Amino acid sequence: MSRFLKTLLIAGLLASPAAAGKLNLGRAALPAEVAAWNIDVRPDGQGLPAGSGSVIDGEELFTDQCAACHGDFGEAVGRWPALAGGHDTLAEERPVKTIGSYWPYLSTAYDYIFRAMPYGDAQSLTPDEVYQLVAYILYLNDAVDEDFILNKENFTSIALPNTGSFRLDDRDNTEYPAFSRGVCMTDCKPSVQITGRAIKDTASNTESE
Amino acid sequence: MSDKTSRRNFIKAGMAASAGLAGTGARAEGDPLITNVQPWAQELGDGVNHMPYGAPSPYESDTIRRTVPWLTADSVSAINFTPIHQLDGIITPNSVCFERHHGGVARYDPADHRLMINGLVEQELIFTMQDLMRFPRENHVYFMECSANSGMEWRGPQMDGVQYTHGMIHNVMYTGIPLRLLLEEAGVKTAGTWLLAEGADSSGLTRSIPMEKALDDCLVAFKMNGEALRPENGYPLRLVVPGWEGVTWIKWLRRLEIGDRPWHQREETSKYTDLMADGTSRRFTWEMDAKSVITSPSPQMPITHGPGQTVITGLAWSGHGTIPQVDITLDGGVNWHKARIDGLSLDKSLHRFYYDFVWDGKPLLLQSRAHDSTGYIQPTKDALRKLRGLSSTYHNNGIQTWAVNAEGITDNVEIS
């Protein structure tokens with residue numbers, strides 16, 4: 001449990017939200033309004049709309065609407081993000097984090113692509129189109145074959161390889177005790193050497209030595 | 001300080017001052033800025049309404065947010081930095097609060113803004129800004145730090161200026177509604193243990209927040225430093241999540257969904273997770289640990305006055321509480337001195353510290369070290385690297401070193 005939660009429990013601050021009186025402000029949300037904005041998708045599939053899409057159709061759509069920035073094979077153009085590759089690089093010096101190599105859940109790809117892509121034309125894709133694009137990105141990451149069809153029903157059966165590598169924040173065990181041990185104030189080390197220096201290149205008002 | 005040394009320093013300082021006077025062209029007859037009547041002392045100035053919304057003096061035109069174009073693919077999903085080297089006190093002026101957007105700045109009429117509460121509640125609700133103005137309000141000063149602040153420094157000293165190494169931070173007084181009151185209005189069901197906050201901008205930014213935090217100290221804010229939020233800071237409505245990484249402070253807040261588990265959105269999986277050396281990752285690293293930095297001298301603020309009386313100043317903060325102590329070293333950590341914390345010491349707010357001393361003109365290796373109210377002490381960058389490796393991007397709260405040379409020129413360095 002995080003230190004934050006512990007403090008709250010000790011302080012007894014977990015007040016019941018039903019305790020205070022209502023102020024009778026705002027109005028009831030209509031079902032159509034909630035449906036229009038409630039676009040999030042969870043790893044357990046909650047929020048996935050009905051629909052399906054094939055790798056084949058996804059390839060065409062991706063080439064049309066996504067490849068200009070993300071590359072034909074999700075390898076990235078210039079400094080735009082890569083969507084494929086990077087497998088087994090996470091412990092290397094320059095890890096490459098993609099949907100295939102890093103993301104824990106496929107639902108995040110569905111959610112994010114509908115929510116925010118294509119960049120500058122967010123929330124413009126239909127559910128079938130998003131299924132197509134997610135299927136194609138899975139294919140680019142060698143997770144499915146080229147005849148694969150993704151749909152609401154088989155969606156949660158797809159596990160991404162890095163799912164098990166995430167854990168909760170453990171700083172309160174691994175760091176806070178070690179960094180709470182008091183300090184030395186005088187004669188703390190015998191000598192000091194400069195081991196690295198930033199290059200004077202970012203916008204700066206000082207000259208180089 | 002003995003009488004003798006203080007007298008010696010006084011004489012030295014006097015010599016430096018007269019040298020300075022000679023430099024600015026003082027003649028035997030005196031400083032012409034004093035002996036001649038200046039135009040601004042003679043002619044009338046601008047009338048009261050010359051500038052209905054004020055602006056800084058043109059002589060302060062250097063105190064601006066700056067960006068580093070090569071950090072991101074384009075300027076719409078990018079970052080700029082607060083000019084912390086030029087600011088003093090603890091409050092960040094609204095015009096220079098750093099910006100980070102994922103889909104550009106959404107600009108729209110607040111009359112068109114809606115806040116929805118949906119999910120595991122007794123009654124799903126819609127609020128207009130007018131409705132929200134009828135809720136009880138609170139005022140709080142909080143720092144807001146992007147967890148990628150200092151992230152460029154993981155592999156060694158990189159950025160040439162404290163604005164770039166530590167400028168993804170601001171400290172503002174928010175006026176807002178306790179989030180708890182809004183949730184009470186909808187009536188959270190007992191199964192409702194998580195909240196999803198969502199923005200109305202083109203990135204539709206989302207983060208999952210546990211109910212304990214939502215009910216504790218979060219605010220739904222509409223004012224910063226007394227005036228409306230700036231568009232780049234989420235006008236007309238943003239979430240304030242005290243002490244937690246900046247990306248959770250959803251701007252253009254349009255929706256709060258209540259659920260029974262986290263959503264694992266893009267900004268809490270692909271981004272804002274901390275990759276360790278062994279290839280595993282920490283997720284939901286919410287709290288910003290204690291950190292401090294000397295803002296002057298720093299690479300953008302060299303010592304230009306030569307030896308003599310000098311002010312070292314900087315900022316310290318912790319997402320876990322207040323800052324009771326900041327230590328300063330002039331010699332790279334051999335000896336440490338307690339800095340003077342001045343002004344307000346508020347929970348989860350920036351603290352301002354000073355160390356006043358007489359510089360002998362010899363090179364300095366400056367560091368500051370924050371202690372927070374939980375007893376946590378800001379670690380060195382190497383101590384963090386030992387535990388986390390070099391690829392964790394976020395949450396670099398390690399001690400910063402500045403090397404000042406005999407001319408006062410200051411560099412971003414690391415030391416043994």
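**Note on a predicted two-chain model**

1. Chain B has seven helices and 24 strands, where helices (H or I, at least four residues) and strands (E, at least two) are DSSP runs numbered from the N terminus. This is a predicted model, in which local features need pLDDT of at least 70 and side-chain atom pairs count only at pLDDT 80 or more, whereas totals for chains, interfaces and linings use all residues. Residues are numbered from 1 along each chain as its sequence is written, chains are lettered from A and ligands numbered from 1 in the order in which they are written, and side-chain values use heavy atoms, with hydrogens and water left out.

2. On the overall form of chain B, the radius of gyration is 24 Å, which agrees with the value near 22 Å that a compact globule of 416 residues would have; this radius is taken over C-alpha atoms, and the globule rule is 2.2 Å times the number of residues to the power 0.38. Along the principal axes, the C-alpha atoms of chain B fill a box of roughly 80 × 60 × 40 Å. Of the 416 residues of chain B, 61% count as buried, where buried means under 20% relative accessible area, exposed means over 50%, and partly exposed lies in between (1.4 Å probe, protein chains only).

3. Among contacts (heavy atoms within 4.5 Å) in chain B between residues at least 6 apart in sequence, 71% join residues at least 24 apart.

4. Chain A is made up of seven helices and five strands, which follow the pattern α-β-α-β-α-α-α-α-β-β-α-β when read along the sequence. Of the 209 residues of chain A, 40% count as buried, and chain A exposes about 11,400 Å², with carbon and sulfur atoms supplying 53% of that area. Among its contacts between residues at least 6 apart in sequence, 56% join residues at least 24 apart.

5. Helix H5 of chain A, residues 107-116, deserves a look, because 10 of its 10 residues are buried and the helix is therefore largely enclosed by the rest of the structure. The buried residues include Tyr110(A), Asp111(A), Tyr112(A) and Arg115(A). They pack against helix H6 (127-140) of chain A together with strand S8 (194-199) and strand S9 (206-210) of chain B.

6. The loop between H5 and H6 of chain A holds Pro118(A), and the peptide bond from Met117(A) to Pro118(A) is cis, with omega near -10°. In chain B, the peptide bond from Tyr235(B) to Pro236(B) is also cis, with omega near 10°, and Pro236(B) lies in the loop between strand S11 (227-228) and strand S12 (238-240).

7. Two residues other than glycine have a positive phi: Ala76(A), with a value near 85°, and Thr393(B), with a value near 60°. Ala76(A) lies in the loop between helix H4 (67-70) and H5 of chain A and counts as buried at 19% relative accessibility. Thr393(B) lies in the loop between helix H7 (381-388) and strand S23 (401-404) of chain B and counts as partly exposed at 30% relative accessibility.

8. Ser292(B), in strand S16 (residues 291-296) of chain B, is buried, with a relative accessible area of 0%. Its side chain is joined to that of Ser368(B) by a polar contact of 2.8 Å and to that of Gln378(B) by a polar contact of 2.7 Å; a polar contact is a pair of N or O atoms within 3.5 Å, and within protein one must be able to donate a hydrogen and the other to accept it, while residues adjacent in sequence count only if both atoms are side-chain atoms. Leaving aside neighbours within four places in sequence, the residues in contact with Ser292(B) include His166(B), Trp317(B), Phe353(B) and Arg369(B).

9. Pro262(B) is found in the loop between strand S13 (253-259) and strand S14 (274-275) of chain B, and at 16% relative accessibility it counts as buried. Leaving aside neighbours within four places in sequence, Pro262(B) is in contact with Arg42(A) and Pro43(A) as well as with Trp194(B), Ser208(B) and Phe284(B). The C-alpha atoms of Pro262(B) and Leu196(B) are separated by 7.7 Å, although these residues are 66 residues apart along the chain.

How values were computed. Areas by Shrake-Rupley, 256 points an atom, 1.4 Å probe, with all protein chains shown as cover.
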